[in-house]
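Me: I have a structure open and some questions about it. Can we go through a few residues, then the core and the pocket?

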Amino acid sequence: MKNLFCVVLLAAAGLCGSAYAAAYDDFARALSAYNQGNIEAAIAGFSSALADGDLSVKLRPAAHIGRAKAYLRKSSCADAVTDLSAALAVQPRDATALVLRASAYSCVGKMADAETDVDAALEIAPDATLYFDRGRLRWTRGQFSDAAADFAQTTRLNPSWLYGALWLADAERRSHAFDAKAFGKTLPDFSSREWPGPILAYYLGERSSDDVYSAAARADASVKASQKCEADYYIGEWQVAQGNAADGKRLLQSAADNCPHNFVEFTAAQAELKRAP
């Protein structure tokens with residue numbers, strides 16, 4: 001873990017070797033604290049490193065990014081925006097910093113700014129994950145047709161990732177463009193027994209909602225609760241899209257109440273509930 005984090009933050013500066021180990025004790029302590037989950041110590045360490053006049057100009061953006069990651073871990077999103085903006089002022093084409101700042105902007109409700117950062121990251125390093133991220137931002141803003149275009153690109157680049165297909169179906173349904181038969185032809189072979197296959201089969205009209213919940217209940221104890229939360233979210237979203245607002249809202253509220261907070265379904269359920277009348 002420590003070595004990987006060093007690579008992420010320091011590779012561009014060329015300081016993962018002896019120069020880093022010998023010269024930047026505060027930075028090293030901050031890295032170690034972050035990797036051990038001690039977020040407050042990480043923030044203090046990066047702050048000390050940034051306050052130290054001896055910190056290399058090349059390393060300062062890495063320190064800002066490191067502190068921003070720590071701020072995001074404690075949901076201090078405005079502070080994360082400030083740090084990431086400082087890093088990007090020096091390294092404007094740092095795709096990692098752009099994606100992180102998009103997350104921070106999203107956290108403080110600045111969705112247009114978040115989308116601008118993802119646009120910039122896509123120009124630098126386009127991939128399925130970034131298209132998915134932009135699709136979710138557009139979905140949150142109610143731009144369902146544009147979101148569907150991004151989710152379609154996600155599924156083209158990573159066709160085996162069924163969650164991309166679920167979000168594409170949702171966005172198409174919300175933009176009144178969903179055709180189950182045509183949609184099914186675009187899908188790879190998948191098992192309706194392996195998660196999240198039961199949800200996708202439900203979207204295609206091949207399984208009932210009871211089938212989905214039964215599949216979630218059969219899961220190992222370690223994932224049973226998370227699969228139940230996903231079932232609540234996706235079935236709830238589908239019900240809203242079909243005009244069954246009361247049933248959909250009830251399920252989305254369950255997802256918002258019970259999904260792990262690091263799940264995209266948690267934040268998506270909150271956004272949907274805010275949008276619901």
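Me: Which helix does Arg 67 lie in?
Reply: Arg 67 lies in helix H5, which covers residues 60-73. Keep in mind that this is a predicted model.

Me: Is Arg 67 buried or exposed?
Reply: Arg 67 counts as buried, because its relative accessibility is 16% and the cut-off for buried is under 20%.

Me: What is Arg 67 in contact with, leaving aside neighbours within four places in sequence?
Reply: Ile 43, Phe 46, Ser 47, Leu 50 and Asp 83.

Me: And which of the side chains makes a polar contact of 2.9 Å with Arg 67?
Reply: That is the side chain of Ser 47.

Me: New topic. How many residues are in the largest nonpolar core?
Reply: The largest nonpolar core has 43 residues. Those with the most contacts inside it are Trp 139, Trp 167, Phe 183, Trp 195, Tyr 203, Tyr 233 and Tyr 234.

Me: What does the second, separate core include?
Reply: This second core has 39 residues, among them Phe 27, Ala 97, Val 118 and Leu 122.

Me: Where does Thr 116 lie?
Reply: Thr 116 lies in helix H8, residues 111-124. Thr 116 counts as partly exposed, because its relative accessibility is 49%.

Me: How many Å apart in space are Thr 116 and Arg 134?
Reply: They are 9.2 Å apart, C-alpha to C-alpha, and 18 residues apart in sequence.

Me: Now the pocket. What volume does the largest pocket have?
Reply: The volume of the largest pocket is about 1200 Å³.

Me: Which residues lie nearest its centre?
Reply: Ser 103, Ser 106, Cys 107, Arg 136 and Thr 267 do, out of 30 residues that line the pocket. The elements giving two or more residues to the lining are H5, H7 (95-107), H8, H9 and H17.

Me: How many of the lining residues are nonpolar, polar and charged?
Reply: The lining has 17 nonpolar residues, nine polar ones and four charged ones.

Terms used:
Residues are numbered from 1 along each chain as its sequence is written. This is a predicted model: local features need pLDDT of at least 70, side-chain atom pairs count only at pLDDT 80 or more; totals for chains, interfaces and linings use all residues. Side-chain values use heavy atoms; hydrogens and water are left out. Helices (H or I, at least four residues) and strands (E, at least two) are DSSP runs, numbered from the N terminus. Buried means under 20% relative accessible area, exposed over 50%, partly exposed in between (1.4 Å probe, protein chains only). A polar contact is a pair of N or O atoms within 3.5 Å; within protein, one must be able to donate a hydrogen and the other to accept it, and residues adjacent in sequence count only if both atoms are side-chain atoms. Contact means heavy atoms within 4.5 Å. A nonpolar core is a set of buried Ala, Val, Leu, Ile, Met, Phe, Trp, Tyr and Cys residues joined through side-chain atoms within 4.5 Å. On a 1 Å grid over the protein atoms alone, a cavity is a set of points where a 1.4 Å probe fits but cannot get out, and a pocket is an open set with protein on both sides within 12 Å along at least five of seven lines; lining residues have an atom within 4 Å of a point. Grid points are joined across faces, edges and corners, and a volume is the space filled by probe spheres set on the points. Ala, Val, Leu, Ile, Met, Phe, Trp, Tyr, Cys and Pro count as nonpolar, Asp, Glu, Lys and Arg as charged, and the others, Gly among them, as polar.
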